[in-house]
Amino acid sequence: MPFLKFKKGPPASAVLDMKTQKCGLRHTVFSANGDEYTGEWLNNRKHGTGTQVWKKSGALYNGEWKFGKRDGCGTYSVLYPESKEYVRKYCGQWKNGKKHGYGTYYYKNTELYEGEWIEDQRSGWGRMYYENGDVYEGEWMKDKNHGEGIIRFTNGNWYEGSWRDGKKNGNGKFYFCDKGQLYAGLWVNGSAKCGTLTDFGRGEAPTPPKYPIPKVHLVDAQLVLQEAESVYRDKY
């Protein structure tokens, strides 16, 4: 009588590991540190749509995941101890666990930023609403105003032009709407260096100077400006 051959199966440890593999939709899974996640999995990693609650910080994320990291669209909120309520901090796009793409960030005060992000930093185009009422709209790089942008101040004045590392740098125009004047010229590290100051909307200005700006006639005004700018060109 021939002997029967039985196919050898995987070891018990491997069977247990396969049974505990998290794939697809799961109920809430608790971590050893108290964090909890409810949502979809793929090969033991958060993948798809789900909600994560961090016990230590009280933060909450609800949105899309990819291979264990926040990726796609999602909302990040924090728990306020006083009210025991969640307050939204960021709503928008994520990539590889960081704010990346278009999104809105809510600061502790009334400040708010809406625009583009690259690896958790404001970069690209965006609009920033400051606590004092000023509004900046334009380009950003590594969390600073950088490129072309406009800032409007609460007193009605505004600046449009070039920025670098968070300061006015390059050519720009500053509209003194309260005085009815316009400065157009070169800026270096936030300070006006050389340009022209002219009357602009003087008749509608609430507090214009007593006398208008006198006109100066030069043989070649453009040449004078170019020579003055050449002194600062290498500084910005």
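Biologist: What does the side chain of Asn-169 reach?

Modeller: The side chain of Asn-169 comes to 2.8 Å from the backbone nitrogen of Asn-189. This is a predicted model. Asn-169 belongs to strand β13, residues 167-176.

Biologist: Is Asn-169 buried or exposed?

Modeller: Buried means under 20% relative accessible area. Asn-169 has 4% relative accessibility, so this residue counts as buried.

Biologist: How does Arg-164 count by relative accessibility?

Modeller: Arg-164 lies in strand β12. Its relative accessibility is 29%, so Arg-164 counts as partly exposed. In space, Arg-164 and Gly-147 are 6.3 Å apart from C-alpha to C-alpha, with 17 residues of separation in sequence.

Biologist: Which residues of the largest nonpolar core touch the most other members?

Modeller: The general idea is that nonpolar side chains tend to be buried together in soluble globular proteins. Here the largest nonpolar core has 17 residues, and those touching the most other members are Tyr-113, Tyr-136, Trp-140, Ile-151, Tyr-159, Trp-163 and Trp-187. Among the elements that give two or more residues to this core are β2 (36-42), β8 (112-118), β12 (158-164) and β14 (181-188).

Biologist: What is Tyr-159 in contact with, leaving aside neighbours within four places in sequence?

Modeller: Its contacts include Ile-151 and Trp-187, along with Gly-149, Phe-153, Lys-168 and Phe-174.

Biologist: How many bridges join β4 to β5, and in which sense do these strands run?

Modeller: β4 and β5 (residues 69-80) run antiparallel and are joined by 6 bridges.

Biologist: How many bridges pair β5 and β6?

Modeller: β5 and β6 pair over 9 bridges, in the antiparallel sense. Val-78 stands opposite Val-87 in β6. This hairpin has 4 residues between the strands, and Lys-84 takes a positive phi near 60 degrees. As for side chains, in a regular strand they alternate between the two faces of the sheet.

Biologist: How many disulfides does the structure hold?

Modeller: A disulfide needs two cysteine sulfur atoms within 2.5 Å. The structure holds 0 disulfides. For Cys-73, the nearest cysteine sulfur is that of Cys-91, 8.2 Å away, and Cys-73 is in no disulfide.

Note on methods: Residues numbered from 1 in each chain as written. Predicted model: local features only at pLDDT ≥ 70, side-chain atom pairs only at ≥ 80, totals over all residues. Heavy atoms only, no water. Buried < 20%, exposed > 50% of the residue type's maximum accessible area, 1.4 Å probe, protein only. Polar contact = N/O pair within 3.5 Å; in protein donor to acceptor, adjacent residues only side chain to side chain. Core = buried A, V, L, I, M, F, W, Y, C linked by side-chain atoms within 4.5 Å. Contact = heavy atoms within 4.5 Å. Pairing = 2+ DSSP bridges.
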